[in-house]
Each structure stands twice: as structure tokens, then as C-alpha cells.
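Please read the following report alongside the sequence and the coordinates, which are shown next.

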Amino acid sequence: MRSIKKIGICLLAAVISFSSFSARVAYASENSADNYVTRDGNGRQPVPDCYVVSKTIYNLGNFEDPNPDAKKKTSVFKGPRDLFIDDNDNVFIADTGNNRIVMLNSDLETVNVFYGPEGAGAFKTPQGIFVDNDGDMYVADTENHRIVHMGSEGELVEIFSNPESDLATGEVFSPSKLIVNDTGYIYVVRGENIMAIDGNGTFRGYYGQTNIGFNLSDVLIRMFASDQQKLFATKRLASSYINVAYGSDGKIYATSLEREEGEIKKLNSVGTNTYRKYKTVGNSFQNPIKKWWNKAMKSVVAGQSFKFGEYFDDDFNYIEPIFTDICVDNNGIVTVIEQLNGKVYQYDQDGRMLVAFGGLGEKKGTFSRSSSIEVDSKGRIYVLDQINNNIQIFEPTEFIQNIHDATSTYNNGNYQESYELWKKVLATDENYDLAHIGIARALYKQGKYKEAMKEAKIVGDRDTYTMAFDEYKYEVLRAHFLPIVLLALAIVIAVIFLIKMFAKKANKGYWKFLTEKNKKMSVGSGIMYAFNVILHPVDAYAGIKYNRDRINPLVPVIILGLAYVVRVAYLYVVHFPLASIETKNINLWLELVKLWIVPVSWIPASFMATSISGGESKMKEIAFASVSSLTPYIVITTPLMFLSNIMSKSQQSWYGVFEVLAYVGMFLLLFAAMMTLNNYSFGKTVGMMFMSAFLMAVMWLVILLCYVLTGRMIQFVISLIEEFRLNFL
């Protein structure tokens with residue numbers, strides 16, 4: 001086992017090293033654009049400039065620093081950590097390294113600097129600032145372990161310290177990021193929670209904690225561990241929050257380290273995330289099974305993988321995004337800043353990416369370490385850099401303004417206006433996918449379902465296509481109810497007739513092979529015999545076992561070819577919202593390997609396993625039995641590809657049942673073949689199935705290792721030839 005593990009590790013390393021060069025080159029070529037959107041699973045798509053830097057602020061300008069300590073007077077920022085822009089476009093900066101709050105007016109001129117309210121002591125590394133509608137400031141005075149509430153002129157109103165609570169964890173109160181809602185509640189980022197404090201300084205509970213889900217080890221520890229062991233058991237914690245923002249819709253927008261549900265959240269009044277999610281995380285014992293089942297059912301659809309931000313930087317190094325700050329404008333457009341790659345990502349009200357720009361660096365438009373982001377009433381984005389000690393202001397272009405207006409008018413119910421705005425976007429960039437989605441949804445809302453389906457299909461938007469198709473289907477059904485019912489009845493009768501005829505033919509092929517003792521299996525009867533395996537697997541495999549010399553080796557080859565033809569036909573015929581792969585991405589060789597790899601490699605693996613454990617089967621009948629396991633796939637997939645054209649993504653669970661049944665049937669036939677051909681007991685058959693699967697996996701590893709090593713050898717020879725050419729020719 002250890003040697004196999006070492007081989008696996010070496011193989012993985014070889015695969016990674018062999019593929020890394022070409023992957024880096026391809027990825028680097030995709031990263032040339034300054035503004036882009038990510039196509040799920042297909043890299044980056046360049047878009048026209050959406051934001052341009054209009055101004056950079058480094059200091060207080062002409063304003064004189066009022067620091068009472070003359071030696072510490074300075075006009076430049078030092079490690080600033082937070083920004084806030086109020087309703088009048090006044091800008092507030094938590095200039096953390098200088099222990100002050102800087103206020104700029106809407107013309108970006110410094111008008112005030114606050115070092116702490118009189119009578120309350122000076123600020124000490126303030127890391128957060130929030131300003132309410134009255135102009136009152138709430139400062140997260142981090143190292144003083146307090147929140148300071150000041151009036152618009154900097155006068156002390158009140159101080160909030162760590163509120164007492166039965167839920168207190170004993171951790172030090174060091175507020176960093178905070179917001180205040182319209183009712184006066186203060187929400188403070190505190191690890192895995194957001195703490196709520198009312199206007200009287202009373203603790204009002206924890207808010208928005210991510211469900212950590214079910215864990216079997218936790219249950220076992222609680223049931224069987226001693227009290228002493230429980231003390232040393234590691235406590236699982238929910239993912240930590242990083243930052244918060246307050247939206248005009250009354251929702252709390254937050255960023256976190258949550259990798260299961262999504263790093264960006266929109267929390268309602270009870271702390272439930274209502275923004276776009278990766279997947280649902282539950283907490284009951286049934287959820288692991290439910291999650292697996294849902295995944296199996298949905299795997300039949302080419303659902304595009306979705307992530308906030310990107311999991312690879314510009315150099316193709318893997319990262320897990322850390323969104324240091326979030327802001328939301330009055331239309332619900334969400335913008336976040338990512339720390340590790342310095343990118344700014346913007347999403348619409350439903351969590352679809354609008355644009356990404358920025359990056360790491362010291363030139364204009366890039367950041368060394370972005371710490372905060374804000375947006376003003378004009379749509380300008382402000383990014384605070386705590387290392388470069390500056391604020392860069394990004395002005396929106398007409399292109400992104402049209403996108404914002406299109407999403408906003410759609411959400412306000414002005415679908416025709418939204419349609420026209422998306423047309424303007426396409427006139428600038430016809431490859432902007434979200435414009436096609438926006439047009440499709442606008443058409444759907446106007447009842448133009450066929451046009452909506454066509455537009456959604458252009459960019460692979462299965463959700464919108466499904467909505468439009470379902471409505472179109474019901475329209476057709478209402479208009480032609482009687483003819484459709486009669487046609488459906490005729491199809492059902494025809495299917496029943498075909499099933500009976502198929503069963504009869506299969507049974508005839510079975511008996512013909514058994515009764516014609518002196519004749520070799522004909523191709524026709526052999527194919528029908530293979531399909532009879534579905535109806536009577538034990539009897540069929542027993543007949544093969546005792547007549548192995550008469551098996552026609554051409555029959556398994558034909559069945560393999562037939563299964564492949566069905567697979568290819570399925571890929572092109574299946575209804576768009578239920579397709580398992582985009583038509584443009586179909587690789588016929590890859591599909592052949594995916595379909596044949598199990599039954600073909602099972603033949604030598606099963607033969608090796610049974611040969612060393614008293615098995616009676618020979619290679620010929622194993623080959624026939626293994627390939628005949630593909631017959632459930634052929635029988636189920638053939639009608640399913642046509643049936644899919646009256647179904648949509650909303651019926652994917654029912655559709656997925658049939659897909660799963662095809663593969664379950666394949667496994668059961670392999671099991672029945674192993675048991676019958678070798679006269680094994682049930683228990684021994686289970687063991688030999690595992691042994692065969694293990695040998696099959698080893699075969700795959702060896703073949704893949706040879707492939708990788710051959711590739712490395714070819715690469716080495718090519719490099720030698722190139723070196724010789726450069727030095728001697």
C-alpha cells in the first residue's frame with residue numbers, strides 16, 4: 001500500500017509539472033486585459049474599459065494638521081485602514097497609523113481632522129469609521145477597545161465598550177469594522193459573528209453566523225469521549241467575517257472567509273444570506289446524503305461552476321480570495337476588493353459579475369495592499385491602499401454606466417428600457433455575455449418567450465432559457481391541448497409495443513444461442529442476447545459460462561460501437577437546458593474514453609482478480625459480460641435524448657433519475673456477471689468487485705504514468721535539440 005501511495009504522489013507531481021507550462025502560457029495570454037469578466041470554467045473575457053483613474057489623494061492637501069503634539073504633525077496618510085462616504089459625498093478616512101479620522105468634502109478637500117473627542121482621550125489605531133444620516137461618526141477605536149460616537153463637529157456623544165452578555169466568549173473587545181442601521185443598532189465584526197449592540201450599549205445578540213454543518217466526529221465525541229477528552233477536542237468554528245457595509249435597502253452586506261456558501265453575503269433582518277450562493281450548507285444528519293443526491297441529479301446538466309472573485313492569480317498561482325472590503329451603491333450594485341491579487345470585482349443585484357479590474361503593483365490603477373473600498377453618489381469608486389498610503393478614485397465610463405442603468409431599470413420593472421440599454425451595451429461589446437442574459441430576461445418579462453430562449457442559448461444561460469421554455473411550453477399546451485394529448489397517447493402505445501417487441505426479440509436471441517449447440521453465435525442473435533442480459537442477467541450469464549467457446553468476439557465490439565454512437569447522438573440531440581456539456585466543447589475522443597474506460601479496463605482487471613482467487617471465468621466471457629453491461633445505458637439513453645426536448649432544467653431531478661439508473665444498472669450487471677461466471681457467494685463477489693476495482697485503478701495509474709513520463713521524455717529531447725540548434729547551428 002505504501003508503494004502504491006508513493007506511485008500516486010509521484011504521478012500527481014508529474015502530471016502537475018507536465019501540464020503547468022502550457023497552462024501558465026494559456027492563462028497568461030488570457031490576463032492581458034485590464035478590464036474583464038470571468039467566464040465560468042473558461043478563463044477571462046476582455047471587456048472595454050469600465051473604470052479609469054481620475055484622481056489620487058496622498059495627503060491632507062492645504063489643510064494644516066491640528067495634532068496637539070507638534071512633533072507628530074503630518075499631512076500624509078500612514079497605514080489607513082477604512083473609508084466611508086456619506087450621503088453628501090463627504091469622505092471619511094480612518095488614518096490608522098496617525099491615530100486620526102480625516103474628513104474630506106465632496107470636492108475632495110480636507111475640511112477636518114479628528115484625533116479624539118475632548119474628554120475621552122485620543123484615538124489609538126482606529127480601524128473603522130461609519131457616519132449616519134445626521135453626520136454623527138462612529139469610530140472603531142481598536143486599541144482603546146471601544147466604539148466612540150461623535151457629533152458632526154467631533155464632540156463626544158457616547159462611548160460603547162464590550163457589552164455584558166451570557167453569550168460572551170471572554171475575548172477582548174477590539175472593534176475593527178462596524179456599521180449602524182436606521183434603528184440605531186451597531187453591528188460590529190467579531191470573528192465568526194457580527195455582534196449587535198443597541199443605542200444604549202446593550203448586547204442584542206450575534207448575527208449572521210454561518211452554519212458549520214453536520215460532522216460525524218463531533219457526534220461521536222459527544223457520545224463516547226470522556227470529559228477530559230472533550231476538553232482537548234478541537235472546536236469547529238464557522239468562517240470569520242472580514243468586513244461589512246450597510247445598503248440603502250436596509251440589508252447588511254458582508255465579506256467572509258466562507259468557502260462553502262460564498263464569500264460575499266447579503267444578510268436580511270434575521271441574518272440569513274439572500275445573495276447568490278455556491279451551495280446550501282445544512283446541519284441535519286440527512287444533509288450529507290441529500291447533498292450527494294442533489295449533486296448526482298444535477299450532474300446531468302452542464303451547470304457552470306460559479307465562484308466570487310478568482311481562485312488563480314495573474315501568474316496562475318492558486319489563491320483563496322480574501323475580500324477585505326465591500327460597498328454597495330443605491331441601485332444594489334456590489335463592489336469588493338480582493339487582497340491577494342489586488343483586483344476589484346463588481347457584481348449585479350443577483351451576484352453576476354459585471355467587471356473585474358485592478359491588480360497588484362504601484363502604478364496607477366493597481367494597489368500594493370488595498371484595505372477599503374467605497375462608492376459615492378456619482379458611481380465613482382474609491383480604493384484605499386494602506387501600504388501606498390493613498391486613495392485612488394475611479395471614474396465610471398459610459399459602458400459600465402449603461403450596464404448599471406440596464407440592471408437597475410430591469411429591477412425597477414422597466415423591461416423595455418432595460419432591453420434598449422442592453423442593446424447599447426452590445427453595440428459597444430457584442431461579446432459581453434451578461435448583456436445577452438439581460439436581453440433574454442427582459443424579453444421573458446415581456447412575454448416574448450421564443451426570443452428569450454434564443455438569446456439565452458447564445459451564452460448558455462440555462463436558468464433563463466428554462467423559465468422561458470416552461471412558459472412557452474404551457475402556451476403551446478393551452479393552444480393545442482387535444483392534439484398534444486392524442487399524440488402523447490399514440491407515443492405511449494408505440495413505446496409499449498416497441499418494449500414488448502424488443503423483449504421478444506431479446507428472448508428469441510437468447511434461446512437461439514442456447515439451442516443451436518453446434519453453431520457459433522451469430523452477430524444478430526449475439527446482440528439480442530446481450531440485450532437480454534437486462535431482462536434475465538443470471539440466466540444469460542449462465543448461458544455464456546457454459547457456451548463460452550461459441551461466443552462471437554465481434555458482438556462486444558459492435559455493442560461498444562453502438563454505445564458510442566448513442567453517446568454522440570445524445571450530446572447533439574439532448575435539450576439544451578439538460579445538456580451535460582456545451583456542444584462547442586464536445587471532444588469525441590474524450591467522450592469515447594469516458595464511455596469505454598470502465599467496461600474495457602474491467603475485462604483484464606476482473607480476469608486478474610478472479611484468476612488468483614479460484615475463479616472459473618475466462619477472458620472471452622468476461623469481455624462479453626463486461627461490454628453487455630453497457631446495454632442499460634443504450635436502452636435508457638436512446639429514448640431519453642428525445643424525451644428531454646419536452647423537459648427543462650426545472651425537471652432535472654426527474655431526468656437525472658434515469659441517468660443514474662443507467663449507471664446503477666451497469667454496476668449491477670457487472671456484479672451479477674462476477675457472481676454467476678465464477679460461482680461466487682454474495683460476500684466473496686463483493687470482495688472481488690473491490691479487488692477488481694483496485695486493479696483497474698492501478699492500471700489507470702500505470703498507463704497515465706507512462707503517458708506523462710513519455711511526454712516528459714519528448715519534452716527533454718526537444719529541449720536538447722533546441723539547445724544543440726542554438727549552440728552549434
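What volume does the second largest pocket have?

## The second largest pocket

In this predicted model, the second largest pocket has a volume of about 1,300 Å³. Its lining is made up of 33 residues, and those that lie nearest the centre of the pocket are I491, V495, P639, L640 and L643.

Several helices contribute to this lining, with α9 (462–479), α10 (481–515), α11 (523–535), α13 (554–573) and α16 (631–643) each supplying at least two residues. The largest share comes from α10, which provides 10 residues. By class, the lining of the second largest pocket consists of 30 nonpolar residues, 2 polar residues and 1 charged residue.

The lining of the largest cavity divides into 4 nonpolar, 4 polar and 4 charged residues.

The second largest cavity has a volume of about 60 Å³, and its lining includes W602, S606, S617, I622 and N678. Two or more residues of this lining come from each of α14 (588–611), α15 (619–628) and α17 (652–678), with the largest share, 5 residues, belonging to α17. The lining of the second largest cavity has 7 nonpolar and 4 polar residues, and no charged residues.

## The four-stranded sheet

An open sheet of 4 strands runs in the order β4-β5-β6-β7, and its pairing is antiparallel. Strands β4 (82–85) and β7 (110–114) stand at the edges with a single partner strand each, and therefore one side of each is left without a neighbour in the sheet. From one strand to the next, the twist averages 20 degrees.

The antiparallel pairing of β6 (residues 100–104) with β7 extends over 4 bridges, and I101 stands opposite F114 in β7.

When its neighbours within four places in sequence are left aside, N90 is in contact with F84, I85, M103, L104, N105 and S106.

How values were computed. Residues numbered from 1 in each chain as written. Predicted model: local features only at pLDDT ≥ 70, side-chain atom pairs only at ≥ 80, totals over all residues. Heavy atoms only, no water. Pairing = 2+ DSSP bridges. Axes fitted to C-alpha atoms, helices over the stretch in contact; angles between N-to-C directions. 1 Å grid on protein atoms, 1.4 Å probe; cavity = no way out; pocket = protein on both sides within 12 Å on 5 of 7 lines; lining within 4 Å. Points joined across faces, edges and corners; volume = space filled by probe spheres on them. Nonpolar A, V, L, I, M, F, W, Y, C, P; charged D, E, K, R; others polar. Contact = heavy atoms within 4.5 Å.
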